[in-house]
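User: I've got a protein to look at and I'm new to this. Could you walk me through it with some questions and answers?

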Amino acid sequence: MTHTVTLIPGDGIGREVAAATRRLVAATGVTIEWEEVSAGLQAFNRSGNPMPDDTVASIRRNRVALKGRILTPVGKGYESPNVRLRKELNLFAAVRPIKSQPGVPSRYRDVDLVIIRETTEDVYAGIEHRVVPGVVQSLKITTATACRRVIRFAFEFARAHGRKQLTLVHKANIMKQSDGLFIRCGEEIARDFPDVTFKTIIADNACMQMVRYPEQFDVLVAQNLFGDLLSDLGAGLVGGISAVYGLLRDDSDIHVFEAIHGLAHELEGQGVANPLTFIRPAVELLRHLGEGDAASAIDRSIAATLEAGIKTRDLGGEASTEGFVDALIARLG
Ligand code: IPM
Ligand code: MG
């Protein structure tokens, strides 16, 4: 069976690692027809739009996509194409599993938690204005509708994956209204899920607790900004960019598997970037397509390859992007 999947290589090293990932997936014997579309800097330079309509339409049509990192200008320039995409397709939940992976060097062992992040509002609404010179306002938007749907999504995720606890992250000691609303929605929805223990935690303490005792967490749900911060903190617990991926969901069946790290402009064109940033989401994409055997074969080959000491430079090895993928392919059987 051939699957049609939208592919957005993205910026920086995106094209190199996307090509390497395609070669690896093909080597598993799974046939995917990749509908490659563009987003980011290249698209912007060509059409003036970093998230072109036909890119969004392709995902809407295929219902499934694999997406690389897309550059978001810092402190100036166009609206983040990532945020644009989330708004256009109503991708309101980001699932970010934080799991120790065999062979990936990290400071902790056996970490296994999942961050569910709201992705449509909060300070990401991008509503900012200058009041007078030297005074700027950025608005944090919180609606009961968005709180409820992401919290319900998180509870359903916990239940579907046999997880026992959901921790809601907030800063309601300071943002009594917005984060207070988030907590109230959590308490309300928790009543429908008596099988999942519901807890709340203040965001700064959540950071300390995650670093100190990550095993106390199971599933976490957070609004947009804290979810962004916690997911990078979590990635740091399990060895960083080689271990994590993201999944964006709408309230229907759209699945966008994404690399959340690895722009690495300084490595662009050199063929030395770590392709695991793209391979991890591709593996989960395969599982979603019902190709679990191929996904597990790749997982095993990643562990065996890293354990054999074959690594890209960022992990202290010498392998090139393609050399690393050759080693993965050699260990697929
Ligand atoms: C992420 C990224 C994005 C975000 C950026 C690139 C806009 O950090 O997906 O975590 O902040 O959401
Ligand atoms: Mg982030």
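**Walking through the model**

User: Is Arg163 buried or exposed?
Analyst: Keep in mind that this is a predicted model. The relative accessible area of Arg163 is 15%. Buried means under 20%, so Arg163 counts as buried.

User: Which residue does Arg163 form a salt bridge with?
Analyst: Look for a partner whose O atom comes within 2.8 Å of an N atom of Arg163, as those are the closest atoms of the pair.

User: Which residue forms a salt bridge with Asp253?
Analyst: Side chains of opposite charge can pair when their charged atoms come close. Here the closest N and O atoms are 2.8 Å apart. Asp253 is in the loop between strand S11 (246-249) and strand S12 (255-258), and its partner, 190 residues apart, is in the loop between helix H3 (53-62) and strand S3 (64-67). That partner is Arg63.

User: Is Asp253 buried, exposed or partly exposed?
Analyst: The relative accessibility of Asp253 is 37%. Buried needs under 20% and exposed needs over 50%, so Asp253 falls in between. Arg63, at 26%, lands in the middle band as well. Asp253 is therefore partly exposed.

User: Which residues are linked with Glu79 in a network of salt bridges?
Analyst: One link is the salt bridge between Glu79 and Arg84, at 2.9 Å from N to O. Both ends count as partly exposed, with Glu79 at 35% relative accessibility and Arg84 at 30%. The residues networked with Glu79 are Arg84, Lys87 and Glu88.

User: What kind of aromatic pair do Phe92 and Phe153 form?
Analyst: The ring centres are 5.9 Å apart and the planes are at 85°. Planes over 60 degrees apart count as edge-to-face. Phe92 lies in the loop between helix H4 (81-88) and strand S4 (93-99) and Phe153 in helix H5, so the pair ties together parts 61 residues apart in sequence. The pair is edge-to-face.

User: Which residues form one aromatic cluster with Phe155?
Analyst: One pairing to look at is Phe155 with Phe198, which is tilted, at 5.8 Å centre to centre and 40° between the planes. Phe155 is in helix H5 and Phe198 in strand S9 (residues 197-202), so that pair ties together parts 43 residues apart in sequence. Phe155 itself is buried, at 0% relative accessible area. The residues clustered with Phe155 are Phe193 and Phe198.

User: The charged end of which residue sits over the ring of Tyr124?
Analyst: For another case of this kind, see Lys140, whose charged end sits over the ring of Phe226, 5.5 Å from its centre. Over Tyr124, the charged end is 5.1 Å from the ring centre. It belongs to Arg117.

User: Where do the buried residues of H11 fall, seen down the axis?
Analyst: In helix H11 (residues 321-330), the buried residues are Thr321, Phe324, Val325, Ala327 and Leu328. An α-helix has 3.6 residues a turn, so residues three or four places apart point the same way. Helix H1 (14-27), helix H9 (276-288) and helix H10 (292-307) are among what covers the buried residues of H11. Those residues line one face of the helix, because they fall within an arc of 155°.

User: How many helices and strands are there in the protein chain, and what is its radius of gyration?
Analyst: The chain has 11 helices and 12 strands. The globule rule gives 20 Å for 333 residues, and the chain is close to that, so it is as compact as a globular protein of that length. Its radius of gyration is 20 Å.

Definitions and conventions: Residues numbered from 1 in each chain as written. Chains lettered and ligands numbered in written order. Predicted model: local features only at pLDDT ≥ 70, side-chain atom pairs only at ≥ 80, totals over all residues. Heavy atoms only, no water. Salt bridge = Lys/Arg side-chain N within 4 Å of Asp/Glu carboxyl O. Helix = DSSP H or I, 4+ residues; strand = E, 2+ residues; numbered from the N terminus. Buried < 20%, exposed > 50% of the residue type's maximum accessible area, 1.4 Å probe, protein only. Phe/Tyr/Trp six-rings, centres within 6.5 Å; stacked < 30°, edge-to-face > 60°. Lys NZ or Arg CZ within 6 Å of the ring centre and 35° of its normal. Arc of directions from axis to C-beta. Contact = heavy atoms within 4.5 Å. Rg over C-alpha atoms; globule rule 2.2 N^0.38 Å.
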